Amino acid sequence: MSNSLKVLGLIGGSVLLLVNSSCEPRKPAKVVTVAKVDQPALHQPPVSVPTAEKPIATPTDTVESKLEQALLQKTQFEFSEVPLNEAVRRLAEQHKLPFRIDEQKLLDEGVQVEQPMTMSVSDITLRSALNLLLKPLQLTYVIKAESIVITTATDATDHLETRIYDVEKLVRYPEETQPDFQSLIDLITATVQPDSWDTAGGEASMPQLPPSFLVIRQTQAVHAVIDELLRDLEHVLSVPDEQAPAMATESPSHAAERTIREKLRQPASLRAAEKPLHMVIADLSKATGTPFWIDFAKLTDEGVTLDQPISFQVSNVRLESMLDLLLRPLQLAWLIEDEVLKITTLTDTTDKLFTRVYDVRDLAKYALVSLPKKSPLNIYVGGASRPTGGHGSDGGGAPRPTGGNAGGGGGFFQVRELHQFGAAGGGESGGGSGGEFRGPDDRGVLDGSTVEIFDGLMQAIHSGLAPDSWNSVGGEGTMSEFRGLLVVRQTYPNHLELERLLVELRNKHRRHTAIVGRHQPSSPDDLLFVIYDVGDHPADELARRLPEFVAPKTWQSAKGNGQIYATKGRLFVRQTRRVHRQLLAVLDRVVERGAPQR
């Protein structure tokens, strides 16, 4: 890499720009330059960080764990034409942290430790500042051997480490005596670097360790994503259903994004006549107080230069809309990452995937669940006093329960020739709408045909939001349900579109509930009414045997609340969502073996 890199401006007070000074490359240093400092900070009490940002991984007193916390402290510095190794040395002295540069790894990638840097930042975490400093050079950092080591991105992906996560609050359900590790493991492997796990041919692994631990071997970068995901899940699920939707944790990255998003919603005006792009962005940053970052390396790849003149004039429009109008003609876009608003290429925004948690427990009360045709196992879902219900795979016509019998059934109706259910219903314990439950996997094979199990809300998102981007049709986006939450891995623009879709759905449901009323869930173990069509299989025998080995303590025969009874070819079951998930897995296997011989 022969280009010199500069970063101009301020984060927090003005604008942060990455530009190229196009000077000749310097000769490699003959001696490795290492930022050497004493380590007083590592032998003092840990650096104070926000509670929400403390890792969910099993706490340790190692130097490495303290270094991770130290990276969450705020930083402020200014470099002007300072070599990379000198910049790292100054950071080490300022924060009293041990930094080290793996010069050989850098040279292998064509990066020189004397690369001049100009950068000024304020009021962001040291972790984000390092990312902004190193990513343009395709560098990163890892924490090992009691040091913060500056190395290449390639080298960092080769460095796996094992951490233990306490996930008791995520794997234990009130109605179950045994923890459910598999649902959480499936969620993580589906939404966090799916191709990196040993189940997909990668090297990362995630065995469970009873009573409540996951032992995860991954790169440090992926550990950071997993840690934030688990904390977000735990935080959102700690909020009662009736208070949904809940916000994610107030980590530094979440807090910075919310602040920037608030600024993006504010009206702004801009007038520029044949002005270089970087100056236009600088003016916009000063006028709105928004921290911008221009990713020069990405712009160069697309043939866009910072000196490109821009003529632009808008008045009193939201900053978000203004940026779209300004950037789209140049094939540019924006996203929020590393606590700044980045200006980058459209291609870059479609290449990066982010994992986020959406609390849709309120919407699940009204979700429509489609039941397509031709499956041997048909499932029809009625009312529930929880905001979650059930759905089935490819099913045909069915009777339409309308309520009654200690819990009631959801009202059924026809939409586009698919059986669906909605919010209407009634019964002694109140009707309601169905949501979704799944078996242990998203997909099951029944009589040789692959059946995809979708909640109506998830199906609407799949078909209405960038339908070609999901892994079910060859894309990279994924979406999984976890205890009434959606965990989505998608591009930043698609996350924005999903947020808009959920807002629109909530607005429509508010108008709907003004007419039909809103049922408030009472407890996490409320019961859901589901009809299972088992075809030629002996329904009476299934009704007798299933309670013996599927959550046996939860049925009325064991003084629980679950109910099951049979008619010809159908099972009528009132149970918790968790038990329905187990029943579905068992019945899938029963149906897979084929109809009994007459």
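**Figure 1. Phe77 and Phe79 are both buried.** Buried stands for under 20% relative accessible area, exposed for over 50% and partly exposed for values in between, with a 1.4 Å probe and protein chains only. The model is predicted, so local features need pLDDT of at least 70 and side-chain atom pairs count only at pLDDT 80 or more, while totals for chains, interfaces and linings use all residues. Residues are numbered from 1 along each chain as its sequence is written, and side-chain values use heavy atoms, with hydrogens and water left out. Across the whole structure, a search finds 4 aromatic pairs. Such a pair consists of rings of Phe, Tyr or Trp (its six-membered ring) with centres within 6.5 Å; planes under 30 degrees apart count as stacked, over 60 as edge-to-face and the rest as tilted. The ring centres of Phe77 and Phe79 are 4.6 Å apart and the planes meet at 25°, so this pair is stacked.

**Figure 2. Trp334 and Tyr492 form an edge-to-face aromatic pair.** The distance is 6.0 Å centre to centre, with 65° between the planes. Trp334 belongs to strand β14 (residues 332-337) and Tyr492 to helix α16 (residues 492-516), so that the pair links distant parts of the chain, 158 residues apart. Helices (H or I, at least four residues) and strands (E, at least two) are DSSP runs, numbered from the N terminus. Trp334 counts as buried because its relative accessibility is 5%; Tyr492 counts as buried because its value is 0%. Together with Phe354, Trp334 and Tyr492 make up one aromatic cluster.

**Figure 3. The largest nonpolar core has 36 residues.** A nonpolar core is a set of buried Ala, Val, Leu, Ile, Met, Phe, Trp, Tyr and Cys residues joined through side-chain atoms within 4.5 Å. Those with the most contacts inside this core are Leu84, Phe99, Leu130, Leu134, Leu139, Ile148 and Ile150. Two or more residues each come from α1 (63-70), β3 (74-83), α2 (84-95), β4 (99-101), β5 (116-125), α4 (126-134), β6 (139-144) and β7 (147-152). The most come from α4, which gives 6 residues. A second, separate core has 33 residues, among them Ile260, Ala268, Ile281 and Phe354.

**Figure 4. Helix α7 is mostly covered, with 8 of its 11 residues buried.** The buried residues are Phe181, Ser183, Leu184, Ile185, Leu187, Ile188, Thr189 and Thr191. At the start of the helix, a side-chain oxygen of Asp180 comes to within 3.4 Å of the backbone nitrogen of Gln182. After the helix comes Gln193, which has a positive phi, near 45°.

**Figure 5. Thr191 is in helix α7 (residues 181-191).** Thr191 counts as buried because its relative accessible area is 0%. A polar atom of the Thr191 side chain lies 2.7 Å from the backbone oxygen of Leu187. A polar contact is a pair of N or O atoms within 3.5 Å; within protein, one must be able to donate a hydrogen and the other to accept it, and residues adjacent in sequence count only if both atoms are side-chain atoms. Neighbours within four places in sequence aside, Thr191 is in contact with Leu229, Thr355, Thr478, Ser480, Val487 and Arg489. Contact means heavy atoms within 4.5 Å.

**Figure 6. An open sheet of 3 strands has the order β8-β10-β9, with antiparallel pairing.** Two strands pair if DSSP finds at least two bridges between them. At the edges are β8 (160-166) and β9 (208-209), each of which pairs on one side only. The antiparallel pairing of β8 with β10 extends over 7 bridges, and Thr162 has Arg217 in β10 as its bridge partner. Between β9 and β10 (residues 213-219), also antiparallel, there are 2 bridges. Leu209 stands opposite Phe213 in β10. These two strands, β9 and β10, form a hairpin with 3 residues between them. Helix α8 (residues 220-237) lies across β8 and β10 and runs at about 145° to β10. Axes are lines fitted to C-alpha atoms, for helices over the stretch in contact, and angles run from 0 to 180 degrees between N-to-C directions.

**Figure 7. The whole protein has 18 helices and 26 strands.** Of its 598 residues, 53% count as buried. Among the contacts with a separation of 6 or more, 68% are between residues 24 or more positions apart.
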